[in-house]
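Thanks for passing this one along; here are my notes. Please keep the structure open beside you as you go through the points.

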Amino acid sequence: MPFITLYMQRGCKDADIEKSMKEITEAGEEILENTLKRMIRVTVLEADPDRVYKNGEKEEKLAPTVVFRIGPGRSAEAKDRFMKRISEILQTNLGCEASQVRAYVMDNEDGHHFCIGGKHKDFGKKVK
């Protein structure tokens, strides 16, 4: 059963959050193999803007962060497409840049994945 948790700054309109949750659920059913709409759980956790810090300094805005937990039976391509779609949904509904959306995919098959703006990042490459 896919679990999607959205971490975002408090203050977004409820209608925009509800629309995002609905669209993410529909995208999951459409994109992820072996997944029905009733199986998908989307949770939103809002952070108090006064408690958002980066490197010990107060941060003006919290970038939306997505934690996506999923079991076996879905391809890596489907998971990547789903993360890209979530970034597009949040960009459209919440007005954030797609490049601000951070996503962590946790599964039991291929380990963990990290995406920025819906694009998979490979941290296995060596830096010169």
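The points below take up a loop residue, a strand residue, a helix and a pocket.

1. Ground rules. This is a predicted model, in which local features need pLDDT of at least 70 and side-chain atom pairs count only at pLDDT 80 or more, while totals for chains, interfaces and linings use all residues. Residues are numbered from 1 along each chain as its sequence is written, and side-chain values use heavy atoms, with hydrogens and water left out.

2. Thr 35. Have a look at the loop between α1 (14-31) and β2 (41-47), where Thr 35 sits. Helices (H or I, at least four residues) and strands (E, at least two) are DSSP runs, numbered from the N terminus. Thr 35 is buried, at 6% relative accessible area; buried means under 20%, exposed over 50% and partly exposed in between, with a 1.4 Å probe and protein chains only. The side chain of Thr 35 has a polar atom 3.0 Å from the backbone oxygen of Glu 33, and a polar contact of 3.0 Å links the side chains of Thr 35 and Arg 74. A polar contact is a pair of N or O atoms within 3.5 Å; within protein, one must be able to donate a hydrogen and the other to accept it, and residues adjacent in sequence count only if both atoms are side-chain atoms.

3. Val 67. This residue belongs to strand β5 (residues 65-70) and is buried, with a relative accessible area of 8%. Leaving out residues up to four places away in sequence, Val 67 touches Phe 3, Ile 4, Thr 5, Tyr 7, Tyr 104 and Met 106, where contact means heavy atoms within 4.5 Å. Val 67 and Phe 3 are 64 residues apart along the chain, yet their C-alpha atoms are separated by 8.0 Å.

4. Helix α2. The 19 residues of α2 (residues 76-94) should span 27 Å at 1.5 Å a residue, and the end C-alpha atoms are 27 Å apart, which agrees. The expected span is 1.5 Å times one less than the number of residues. Buried residues of α2 include Phe 82, Ile 86 and Leu 90. Gly 95 follows α2 and has a positive phi, near 75°.

5. Ser 87. Also in α2, Ser 87 is buried at 2% relative accessible area. Setting aside neighbours within four places in sequence, Ser 87 contacts Val 101, Gly 117 and Gly 118.

6. One more place to check. The lining of the largest pocket includes Tyr 53, Lys 61 and Arg 102. A pocket, on a 1 Å grid over the protein atoms alone, is an open set of points where a 1.4 Å probe fits, with protein on both sides within 12 Å along at least five of seven lines; lining residues have an atom within 4 Å of a point.
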